[in-house]
Amino acid sequence: MRRLLSDTLVVTERNLIRLPRAPELLLAFTFQPIMFVLLFRYVFGGAIRVPGISYAEFLLPGIVVQNIAFGGFVTALGLNEDMQKGLIDRFRSLPMSRAAVLAGRTSADLFTNAVAMAILVLTGLVIGFSFQTDVVHVVIGVVLALLFGYAFSWVFAFLGLLVKTPEAANSVGFIAVFPLTFISSAFVPGQTLPTPLRQFADVNPFTIVVNELRWLWTGQPSPDQLWQAFAWVAFILLVFAPLAVQRYRRTAGT
Amino acid sequence: MDGGTNSSAVSVAHAAPNPEAAISARGISRSFGEVRALANVDLDVARGTVLGLLGPNGAGKTTLVRILTTLLRPDSGTAQVAGLRIPGQEAKLRERIGLAGQFAAVDENLTGLENLTMVGRLYGSSRGAASARGRELLEQFGLVDAARRPVKTYSGGMRRRLDLAAALVAKPPVLFLDEPTTGLDPRSRLDLWDVIETLVSEGTTVLLTTQYLDEADRLADQIAVIDRGQVIAEGTSDELKDRVGGERLEVHLEDPAQAEAAVRALAPMCSDEPTCSDGLVRIGVAHRTGAIIEAVRRLDEADVGVDDIALRRPTLDDVFLALTGHAAEAEAQP
């Protein structure tokens, strides 16, 4: 167990020091979210009416959840690249904890997600978002968002190990996750969707997590319960972490 | 008599690994779906020596290395590496081996020093100790000037050296090198050969896979030729060359169209199947003395014009051809 922790730290550190040297990734999780906030706020924002709340306040929790779910992309691309380049073989030939390669990868996402979320919130504050609740609720919201992102890192870890090339990881991840984030209450109120989409949005974990984050940060009443959001986080982790680990064992073993 | 030898060979194949050897494999088999990558491979590498595992792409070299370095489980068979058993003691074994692969398995976005420090820490060293060992290796491998540059700025030869350095972080007594010089320019190849020779002179045992016959000839004390998942010959370079039948006679024809006539004329003095390509006929001859004169006489009688004729020691190319019925390098093209 001590080995797992110390090896995870080494791998996490490795994933973080290499990040500033890969400018395209750095751009992806700094400028891209800012761009999204500005586009939604100023392009769509004028046309979208949300009762009882400004669009900036409505939008920010949604975009935070979408962005943090996609933060795991770095894991999918990174693991895939490590496989292609033979680095996974190097790790497997070392007397290190096997789980540390995946744990170190996803833990690094936790850091980058936190940075990206800070950038998003600061941008939000500039365009008219403000926290309407107390510190405790805000912090619970931050924890919820980070955990949701961490759970999705394992989804992406699984996808990254499943496909053959980084390009494939990119498009599979995009096709699988992008619609999930849009057919939800992240960007528009759920009631405005056509019935079949609304039915999907109502059970979409994104909707539930976004609704809860909105409640935690702006005090907007939510149709769901906070425990449901955390239950989704746990469920995604419990399904995808074992899948990713099993896939890692198999990929590396053949 | 023959039967007796055979049955004892069979019983050896199922014996336990030889504990005296640094690497000893017995009856290792592995399939991928329908494809039999390794079939009942036995192998011994004595301490402090180099075994060259020679074979074309897809022969099973890498599969064997992956099994002996615990990256892959064998379907059946046992092995002992650096005194530890496979299967059974994989975790401990990883502390005692180094692996450098065909692909330079280093992180391109880390510097040379960061890569080596990371590997050292994953072996369980403290940050300080890992970084000190990293600096020591960078010096040994002539990479000090590049220590603080990201690896993506390195040349191919520098990457291979760093990869080899990463395999040596824990000073392993047994080293596996999977095609260490594939794709390198001649200068970098020579440099890497020097490094490997130094390691061996210091007592490291090396199992080296290669498609290059000159590489095996230069570095290996023993050579095992592997083809289609089986070890088809073993011995020193000289022993293998002797097995091909000693001397080779090479005849350059004036007219390539006469190859068939030449082969027919030389057939009585051949010790193996003659080969011919582009007007060059090669045959193995049992006796050196008088071979050239006899060949010229036979070719003259058959009215075959000769540009050049020479006797030479067989190369490992000839060995490979004689053992497998196909050339090593031609098949090795991906």
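Q: Where does A:S185 lie in chain A?
A: A:S185 lies in the loop that links helix 8 (166-182) and helix 9 (195-203) of chain A. Helices here are DSSP runs of H or I with at least four residues, and strands are runs of E with at least two, numbered from the N terminus. A friendly note on the ground rules: this is a predicted model, where local features need pLDDT of at least 70 and side-chain atom pairs count only at pLDDT 80 or more, while totals for chains, interfaces and linings use all residues. Residues are numbered from 1 along each chain as its sequence is written, chains are lettered from A and ligands numbered from 1 in the order in which they are written, and side-chain values use heavy atoms, with hydrogens and water left out.

Q: Why is A:S185 called buried?
A: Buried means under 20% relative accessible area, exposed means over 50%, and partly exposed is in between (1.4 Å probe, protein chains only). A:S185 has a relative accessible area of 5%, so it is buried.

Q: Which residues does A:S185 touch, not counting residues up to four places away in sequence?
A: They are A:F58, A:G190, A:T207, A:V210, A:N211 and A:R214. Contact means heavy atoms within 4.5 Å.

Q: What makes B:R189 buried?
A: B:R189 has a relative accessible area of 15%, and therefore counts as buried. B:R189 sits in helix 7 (residues 186-201) of chain B. Leaving out residues up to four places away in sequence, B:R189 touches B:T181, B:L184, B:Y212, B:D214 and B:E215.

Q: Why is B:D163 called buried?
A: The relative accessible area of B:D163 is 1%, so the residue is buried. B:D163 has its place in helix 6 of chain B. The C-alpha atoms of B:D163 and B:A100 are separated by 6.0 Å, although the two are 63 residues apart along the chain.

Q: What does the side chain of B:D163 reach?
A: It reaches the backbone nitrogen of B:A105 at 3.2 Å. A polar contact is a pair of N or O atoms within 3.5 Å; within protein, one must be able to donate a hydrogen and the other to accept it, and residues adjacent in sequence count only if both atoms are side-chain atoms. The 3.2 Å distance is therefore within the 3.5 Å limit.

Q: What makes A:E13 and B:R121 a salt bridge?
A: A salt bridge is a side-chain nitrogen of Lys or Arg within 4 Å of a carboxyl oxygen of Asp or Glu. The N to O distance between the side chains of A:E13 and B:R121 is 3.1 Å, so the pair qualifies. The count between chain B and chain A is eight salt bridges.

Q: Which elements of chain B each supply at least two residues of the side that touches chain A?
A: They are strand 1 (23-32), helix 4 (112-122) and helix 6 (156-167). Helix 4 gives the most, with five residues.

Q: How do you know that helix 6 of chain A reaches close to the expected length?
A: The expected span of a helix is 1.5 Å times one less than its number of residues. Helix 6 (residues 100-126) of chain A has 27 residues and reaches 39 Å from its first C-alpha to its last, close to the 39 Å expected. Helix 6 of chain A is followed by A:G128, whose phi is positive, near 115 degrees.
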